[in-house]
Amino acid sequence: MFAFIISRLLQALPVMLVVSFISFAMFAYVGDPVAIMLGQDFTEEQRQALIRQLGLDQPFFVQFGTFLGNAVQGNFGISYRLSRPVAELIVERAPATLELAFTAAFLALAVGVPMGVYTGLYRNSWLSKFFLTFSLIGVSLPTFLIGILLILVFAVWLGWLPSFGRGEVVNIAGWTSGFFTWGGLKALVLPAVTLGLFQLTLIMRLVRAEMLEVLRTDYIKFARARGLPNRAVHFGHALKNTLVPVITIAGLQLGAIIAFAIVTETVFQWPGMGLLFIQSVGAADIPVMAAYLMLIALVFVVINLVVDLLYYAVDPRLRIGKSGGH
Amino acid sequence: MNSLLEVRNLRVEFPTRRGTLVALDDVSFAIEPGEVLGVVGESGAGKSMTGAAIIGLLEPPGRIAGGQILLEGRRIDNLPYEEMRRIRGRHIGAIFQDPLTTLNPLYTIGRQLVETITTHLPLNPAQARERAIEWLELVGIPAARDRIDAYPHQFSGGMRQRVVIALALCAEPKLIVADEPTTALDVSIQAQVIALLKRLAREKGTAMMLVTHDMGVIAETADRVAVMYAGRVAEIGPVREVVKHAKHPYSSGLMASIPPLDRRVDKLAAIDGSMPRLSAIPQGCAYNPRCPQVMERCRQQRPDLLPAGETRAACWLYAHD
Amino acid sequence: MMRRFFDSDIWWSFTRSWVTIISAIVAAICIFGAVLSPWIAPHNPFDLTSIDLMDAFKPPAFSEGGDARFPLGTDNQGRDVLSAIMYGAQVSLLVGFAATLFAVLLGVTLGLLAGYLGGTVDALLMRIADIQLTFPSILVALLIDGIVRAALPREMHDQIALYVVIFAIGISEWPKFARTVRGSTLVERNKEYVLAARVIGLGQGAIMLRHVLPNVLGPVLVIGTLNLALAILAEATLSFLGVGVPPTQPSLGTLIRFGNDYLFSGEWWITIFPGLALIIMVLSVNLLGDWLRDALNPKLR
């Protein structure tokens, strides 16, 4: 078990290194940080001083090493656009994104999995056909349009829910949360639905496809031939076997949710990391982009690790080696 | 007195977009209590389909379009799903071809046995577990008490088929439908598994429908044998009679193609041509294009099973009108 | 050739499905409407002389205060929304097709190379594909766009923005194609005719190309069609975020972005109609892709 985690972490290391390298390359070679930081008026001495201060006169690998060292300590430099430490900006905005992503992921799983199971089991019922049509529209609708439509209906026409911002938030030891106020929860509804809808339809279609696949297998036929009740066949034998692929994709989708939060946050002016990132792309604010990239990579590595551990829990073939036939 | 199982004029159809395919046509036979009926034929002759129809698990869109299936005199082909479910496992057990894919990989064999036993028999989980261990011992799993909590992937193919047999028998059904139970196994293990099946069936008084294309297995195990061709029963009768003195030209062709063990032959007999596709079954007797003894009547009219010595054969050679 | 097509299962399954026929018609209308927009659009949204600020914010013709000249209303500058949609769809489709084509060419080439050469090249290419597939393609596209934006001066960037978007979306989608093609190539490589060809000293490469390409055509067509829908969506998303095509060549996503500002003051048509156009276009392509997958893959039905 422990060895398993270690080996997975070791596998993740090259990915992190590659991503850090890309981040560093962006940081060091795209645009001219010195010119941007100095502004209009500067002397050659000031310029040289800044170059030394930033370590830009050092050899390549020394610079990369310094960059890595700083990154590990959470130091990603100063934002060109906002002139504040990048780490500070990200810490400030992380709670908003994480709460949004978590709510959306929960929504996608809690609704998507049952819908997928239902449509897989009762593939010809009218409700299944309705779900499938709904899901097809779901995958054809870009996230930002879902957001706009929801705003039009629920904020502009009906006036039930707010259309931008987080509403009231509570500050708990530096973590701003919208979970504890009525206003905060109301503000969360539309963005979470927007962000979760696409993943929901995807998870539903995936669970359905896996369910259909598993229902065709011999062990399901054999379970039926043994006269087991439908409940046991469907929810005991079939559902558990669909879990392995579902866990993989659901894990990847959780990552996708954090990436797509960029779009949702833009539509709803949600003060999270995604909005920060897109503003940075627009302004060519490289330090923020680089830091965001590394952060996202870290999130993906962690998600992949969790996915692997869940596999381990679900599938005995990974847990227990073959102990030889007699 | 009723037969244990009686199949009367069974017809199974598959609606497809190019018209309806008739997979089984006018199939009739009976199995008596404790009897082993072998069912042989080429692939696609409808052997497995007959088994699937009996346990009520035809693959959609296949459906029973005519005829009846009776278990101890009671019709079971038109039962609601839930009633048929109670019969499966409890009254009719099933063994599938490939033990590697028949067991759920995510559950221990103990759990799969216990759930089957508690579904059908009035035992509590602890009693069911004891019963499961007894069954594992009966099918010859060494150290059954220790191995009951192992997962299927921890067993070899032959051992897994033994577990499958225990699963099929553990609710003590009166009939087992065994669909090619040894085809997927190593040749060296096939004989052991067949011997096990035969012994358990005899000890428990269980009747068996043994579907296989291995004539050797049939000759050794079955009491009677049904030869199927293109979705129909060509001949049915006592195993000795069919093997030694087959009446239907197809059965005799089939028997002639078995390599004899007691003498050397230079060339095995083969039947010319191949079995027709379901979409192109010829008029009259389905075998007529390949039959060496074909008559004009064979091309026009379809023969029913006619008495032919000790067996019955669907062949005009035995018509006495 | 034609007869064989009309006899085929694909044609048969096409005529069986109303949904598919309708989506094919809708997709055809979208493509024709977009390509022919300079000739058939009621107005030219880029011709400043034909635009009158007095016409600004006219609601759609069917609602109160609408103007028959502007069936879907006008925007803040008095431009006809319908014409803007037709011109915008042209940009959206252009980027979608070009990006997909780029991804197909890149993916098929690299997939063939990986499968054919094997060894280090294969391992390296597939590792890159793996890493890239872990990240959502929209993120990859955003990043590439961001880097190019930072690397080039603004004026220059606006000029090549269209190509940057195509490149970014194409790059973000190639691994799917590469994997499929690599899989088929590996299967073919071990077949006997390839071994036989090697034995008699024929070039393996040419033979494999001749056999592998027809085999992967089906899957590539399916993935390509579904990918076209994704690419159109990706472009719309990037443009909506303000980092896609330049404002001088507005796509549907750009129109939605501009119109979004007027959502709260009640001028919903400026953003909703381009949105609907986008949905209809993508939905019809998705439906065609779904049908194609089922028709070419009878096992999945």
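**Exercises on a predicted three-chain model**

Residues are numbered from 1 along each chain as its sequence is written, and chains are lettered from A and ligands numbered from 1 in the order in which they are written.

**Exercise 1.** Determine over which residues of chain A the pLDDT is below 50.

*Solution.* Next, locate the stretch with pLDDT below 50, which is residues 322–326 of chain A. Beyond near neighbours in sequence, this stretch has 10 contacts in the model; two residues are in contact if their C-beta atoms, placed from the backbone, lie within 7 Å. Where pLDDT is low, the predicted coordinates should not be read in detail.

**Exercise 2.** Describe the makeup of chain A in helices and strands, and state what share of its residues is buried.

*Solution.* First, count the elements: chain A has 13 helices and 2 strands. These are DSSP runs, numbered from the N terminus (helices: H or I, at least four residues; strands: E, at least two). Then consider burial: 42% of the 326 residues of chain A count as buried, that is, 20 or more other C-beta atoms lie within 10 Å of the residue's own, with C-beta atoms placed from the backbone.

**Exercise 3.** Identify which pair of touching chains has the most contacts, and describe the side of chain B that touches chain A.

*Solution.* Two pairs of chains touch, and the most contacts are between chains A and C. No contact joins chains B and C, whose closest C-alpha atoms lie 10 Å apart. For chains A and B, the contact takes 25 residues from chain A and 29 residues from chain B. On the side of chain B, two or more residues come from each of helix 2 (81–87), helix 3 (99–102), helix 4 (109–120) and helix 7 (157–169). Helix 4 of chain B gives the most, with 4 residues.

**Exercise 4.** List the residues that Ile85(C) touches, not counting residues up to four places away in sequence.

*Solution.* With those neighbours left out, Ile85(C) touches Leu252(C), Leu255(C), Phe273(C), Pro274(C) and Ala277(C).

Notes. This is a predicted model: local features need pLDDT of at least 70, side-chain atom pairs count only at pLDDT 80 or more; totals for chains, interfaces and linings use all residues. A residue is buried if 20 or more other C-beta atoms lie within 10 Å of its own, exposed if 12 or fewer, and partly exposed in between; C-beta atoms are placed from the backbone. pLDDT is the predictor's confidence in each residue, from 0 to 100.
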